[in-house]
Structure formats: C-alpha cells, structure tokens
Amino acid sequence: MPAYPDLTLPEDGKLVHNITHFARALRRAGLPIGPGRVQTAIEAVAAAGFTEKADFYWVLHACFVNRPEEREIFHQTFRLFWRDPRYMEHMMALLLPAMRGVQEEERAAEAARRAAEALLADAEMPPAPETLESDEEETRIEIDATATASAEERLRQLDFEQMTVAEMAAAKRMLARLALPVKPLPTRRLRPDSHGHRPDWRRTFRASLRTGGEITAIARRRPATRWPALVVLCDISGSMAAYSRMVLHFVHAVANRQGQGWAKVHAFTFGTRLTNITRHLRRRDVDAALAAAGREAQDWQGGTRIGESVHAFNRDWSRRVMAQGAVVLLITDGLDRGAPADLAREMERLRLSARRVVWINPLLRWDGFAPRAQGVRAMLPHVDTLRAGHSIASLEALAEAISDPQDHGEKARLLAALAGDAPGG
Amino acid sequence: MTQNPASIDAVQQLLAGQDYVCGRALATVAFLALKLGRPLFLEGEAGTGKTEIAKALAAALDRRLIRLQCYEGLDAAAAVYEWNFAAQMIAIRAAEAAGGADRDLLTAELFTEDFLIERPLLQAMRPQPGGAPVLLIDEVDRTDEPFEAFLLEALSDFQVTIPELGTVRAPEPPIVILTSNRTREVHDALKRRCLYHWVDYPSFEREIEILHARAPEASETLSREVVAFVQRLRQEDLFKKPGVAETIDWAKCLLALDVIALSPEVISDTLGAILKYQDDIARLQGMEAKRILDEARRSLEPA
C-alpha cells in the first residue's frame, strides 16, 4: 500500500475527515481513488450541501465511481461505512492479512517467482504483489450474479501450481520464440508522409510562406496505422483438458507483449459458462496469472456448452470489446452437446461483429479429421479460417493466419467434406 | 442570461420544464457539474437519454448547444479548427497581382481569424451570447485514444492552442457533457476529470412520467401497457434491449396507427420500432409476444 500524502484540506469538523476515511476504504476495496478525487468530493459535498442521505450518496457516487462495475462496490462500502466507519476498518484489517497470506505470498514465493525469473528473464521483475481486495470483492459479486449452475456442471478448479518440468520448458521455448507479427490496420487518421496520396494543405501553405507564397512542393499525408485488438475465447472443458493450459500460456505471452502487436487482448474461458479472465492475465507472472484465472473460472474440465457460451459473449461482451474491429480467436474442439441450430446462430452473430473469426481446433492434428460432430458442422460455415493449434509450431503459423485476410486454413477442405456428407447426415 | 440553478431540486424542475424527466441521482450529478464547473461523463446503454440531457440543459439555461459528434479518426482539423485554404490561396494570388507578395506581410495576413474555420471545440471556448455554451461531446467511445488524450488537455484547462495565432482560452468554462455507449472502455485519465454517472433504464413509474412528458397524446391505458411491455421485454434475453427512446418511438407509432390497446398482432406489426436486430425480432414473433404481453398485463393488474 502506498503512503497517503497529507492533504491540506479545510478542517470543517468531522465531515472532511470522514470523507477522507471513506475514500481510503474505497481505495482498499479496489477503486482507484487519488487525493485529487478526494478533494473534488469534499468540494462537491460542500457545493451540494449536506441535507439528505440519498443526495449525499449520489454526490459521492459522482466523484468516486468511474465504471459501472464499481457501483456495486461503492454501494456496499457506502452502506457499511456510513453506518459505522470503525466497523469497516476493523473488517478490512481482519481480511487483509488472511488474504495476502493464503493467496499471494506463498505462491509468489515458490512457483510464481521462479517462473517469472525463468520466463521473463529479460523483462523487469514483476511488481510487488498488489493487494487482492478488489479481486476478492469482484469475484464474490460475479459469483453471486452467475450462481445459476445446473446440476450437471462439474465444478472443478484446475491447480496451476503444479507445472510439470516439460510444460515449463515448453512455455519458455514458446515465449522466447513468440513474436506475433500482426499487420497494423490503416485508420482514418492521417499522418504526414512524403509518399502519401492525400495532400496536406496546411503544411503546404506553411511551407509556401517561406518562398513568398509560391507553392514549390505539395506536402502529403497518408492514413496512420493502429494495432487491432484480439479477443480470445478458450474452451477449458474436459475434452480440451490437456490443451487449454498450454493455450492459456500462449495467450498470456501474447497479452503481455506490449508494443508487439495487439492493441488490447481480451481473454475469456468457457466450458459450461463464460468467464472473463482478461484482468488476471495482466499479471506479469505467468503462474500467478493462470492461478488467478483458474480461481475465477469455475468450470475447468467439465462439460461444454459452446452455443450458450458464445451467446453469453455476444450478449454481454461483444459490444464492449469488439467495437474497434477485433480479431476473434476461438479455441475449441467443437464438440458441443447443445442444439446445432442455436450454435450456428450464435456463431453467425459472432462473425458479423468481428473483423475475423479464427478457429483453432486441436483435433485437426489428425490427418483424417472430418467434420462429423454436429457442433463442428454448425460452426464451420461461420468462421473465417480454421487452423490446427496442437503444437508450438502450429501456434506460430497462426500469426500469419490472423493477419492474412485471404487465409482460410482448412476451412475449404472441410466444407467440401461437409457438402459431400450432407445428403446422409 | 439565466443563472445556474441553486439546488438539486431546481435542476430537476429546470429539466422538467424541458420535458426531460430525470431521477434524483442524475439531477445531483448535473447540479454538481454546473456548480463545480466540471465535465459530466454519462455512460449507459443506447437510448437512455444521455444526449437529450445536454439538449434539455442548453434549452433550459438558454445557452447555445455545441455538439461534437465523435467518430473513428476524428482529428484536430475536424474538432478544433481548420484554415480556409481556398481563401488563403486567393489571398496569395491577389497579393501577387497587386505586386505586394511580401513575406512577413503574407504571414500576418494569411493566418488571421478571417481565414480560420472554427470547429466545435474552438467555438465552445469563445464567449457566446447568453453565457458559456453547453458543449456536447457525443459518443466519445467511438473515437480513438489519441483524441481522448487531446480532449484531456482541452478539458482540463478549457483552452486550445493554435500555433499561428496563440492560445484561445475560454473566458468562462463551457458546460461540458460527454456521452459514451461503452463500446470500449474510455481511459481512466479522462474519466477522472469528469463527474461520472451511469444512466440506467428507468423504473416503471419514471418511464411512465417520461412517456407522459414526451408523448402526451397517448392515453393513460396505452402508456401503461406500452411501458409495462417494454419493461418486461428488457428482462428477456435479447441482443439489444430497447431503450427509453424506443419506448417513446413505439408509443408514437402506435398513436399514428390509432391503436387504443396492445394486441399480439399490433405488436408484431410494429416490433421494428423497439427491436433493431433480426434475431431479436424473430424471437418475439407469434406466441412469445403474446406471453410477454400477458405477463405485462398481469403486472399492471394490482395497480
């Protein structure tokens, strides 16, 4: 925890004090609140007056909340705090050492540090473990919201702590080699470029002034470029068990290679339910990241409901993470038990909102793979390209597939097989 | 010039005068934005009245509304200012014809306010009749990060710099309202300078009030049925849930068709006014619409 700078605020009785305390409580609960915002809040309360509790609530809400997710944390903290500030402090104090002790320090001491040193030798050491309150808080809420598990769901958590030597070595190799050369996309923004196709009148005129208004050369511009975003949907069901862990290593590597391509990497896992693990993958330490992701996703090695998971993605996330023309990487074997029509519909929706949908199917490593499973049949027409992804070599080949719009991978072959099969099935 | 409202109640009344019904929470944030002179950042689903509040505020305070619609690739030339090149070109040629193409003189003459085309952000920094304008920066999530960074600078000091002319500073900070549909996360640094509010779908009673204000011709029964149906519809598993704007549109459609009460047939004929995705419309055809209508009616019964 950083030391709090001393605020020089007008001391008007207890209120300023309490607001500052409340801000600290929120900060501990994971809201990013700096002294500047505390100042604003105090000004705001002074401006709005202190008349009704509801107004007071919304005044502080306007100053401290920045995202919809934070509303619930704010609400709970407000409710607790303004009942009795001491109670809150007391609870936080109780929670803090327990969580740190169990979840972070042990792990970081053994597996995580070692892996970090091994895997990110050239990078700087991971920052000191952050406090976990926000994780804890949000996790609890998310579980509350999705506690609609059906009986058939096998809730099993995968323990990432025990990485085998072979896995570790493979991950290391992959990290060393992995440089995803994504082609940048042209944007509508223009930048100066002497070989550009568009005239830059403003610069032309500025230059012409030096020659007394005579235009000697026309300055030019061309579209600037930006990196696309990547959305990874990774199947972690039983049939993918041996595979998904490796793939998550891969995703972690991609997500943490800043400035190497992808503007943003959003990662989701699904088995019987969809889980957003983007936040967890941001940790530098691959072990800590995957352990956090493992805690978050409750459906490791259970059944698969691809249709429903893609539906959940389309409904809850697609508008938020796909707006900037994202490439979707769908990693699944396509063995779905749901209705094929539903799956096909959701896949179509997914493709309509993405720049490209790349399907990685580990089953493709077998030569004789034919699209027999109904899930595969339903999904195949709605992806841009289908690729194998069982080995590190194939993951590397993937980079080209993602950036090349002409690449269709194995799709054409399998579609042909599908057409040949169609009358029978 | 209209004075800023003195209390949260005053804001609520002011907006109500413009047929904008707003909850206590939104009124509080709007009041603070006016009082503290901070930008107001409104985020929420499409069609929940984020843009409308800027219009209502401008009308109620009798200020000019300046709107900057964001899009991908929006740059300073489109958002702040641009030089009028055609006019500059003519001025150069005219000077040449008169035989006075002096270099210093040209600089002084070509880059003056006469040749400046002001775009929304610069306009908002200029004094306006009636007081500081309302600057609406709409759908800020559609633009890209470089522009956000630029906004950050413009909004923290309320000034823009034109290299040829110098810095233009707003004599009185404009009332800034930013809206976002959250198609991507706007950077925290920008949000931190603003007062944040998430605009949610309104409750049943509030939506009835809104409908009364916006479509007063609709009968009491029809309004209640329409709102109950839409509220029920929002609980369904839809790709895009209907917003308040859709409710108002739909009520107007029904009025235009002289509908007195909802029926499954009427609903399926006019579904395009509330649902904008084919998947969603297909879901609601036939029995499904009837089921939701029945449920909506049941929810109305006790009242």
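Helix α12 (residues 306-316) of chain A lies across β4 (230-235), β5 and β6 of chain A, running at about 45° to β6(A). This is a predicted model: local features need pLDDT of at least 70, side-chain atom pairs count only at pLDDT 80 or more, and totals for chains, interfaces and linings use all residues. Residues are numbered from 1 along each chain as its sequence is written, while chains are lettered from A and ligands numbered from 1 in the order in which they are written.

**Terms**
- Helices (H or I, at least four residues) and strands (E, at least two) are DSSP runs, numbered from the N terminus.
- Axes are lines fitted to C-alpha atoms, for helices over the stretch in contact, and angles run from 0 to 180 degrees between N-to-C directions.

**Sheet of chain A**
- The order β6-β5-β4-β7-β8-β9 (chain A) describes an open sheet of 6 strands with mixed pairing; two strands pair if DSSP finds at least two bridges between them.
- β6 (274-276) and β9 (385-387) of chain A are the edge strands, each with a single partner strand, so one side of each has no neighbour in the sheet.
- From one strand to the next, the twist averages 20°.
- Strand β5 (residues 265-270) of chain A runs antiparallel to β6(A), joined by 3 bridges.
- Opposite F268(A) stands N276(A) in β6(A).

**Helix pair in chain A**
- Helix α2 (residues 35-48) of chain A packs with helix α3 (residues 53-64) of chain A at about 150°, their axes 9 Å apart.
- α2(A) and α3(A) are therefore roughly antiparallel (angles under 35 degrees count as roughly parallel, over 145 as roughly antiparallel, 65 to 115 as roughly perpendicular and the rest as oblique).
- On the α2(A) side, the contact residues include R37(A), T40(A) and A41(A); on the α3(A) side, they include D55(A), F56(A) and V59(A). Contact requires C-beta atoms, placed from the backbone, within 7 Å.
- By class, this contact has 10 nonpolar, 1 polar and 2 charged residues (Ala, Val, Leu, Ile, Met, Phe, Trp, Tyr, Cys and Pro count as nonpolar, Asp, Glu, Lys and Arg as charged, and the others, Gly among them, as polar).

**Helix pair in chain B**
- The axes of helix α1 (residues 8-16) of chain B and helix α2 (residues 24-36) of chain B come within 8 Å and cross at roughly 105°.
- α1(B) and α2(B) are therefore roughly perpendicular.
- I8(B), V11(B) and Q12(B) of α1(B) meet A27(B), T28(B), A30(B) and F31(B) of α2(B).
- That contact has 5 nonpolar, 2 polar and no charged residues.

Definitions and conventions: Contact = placed C-beta atoms within 7 Å.
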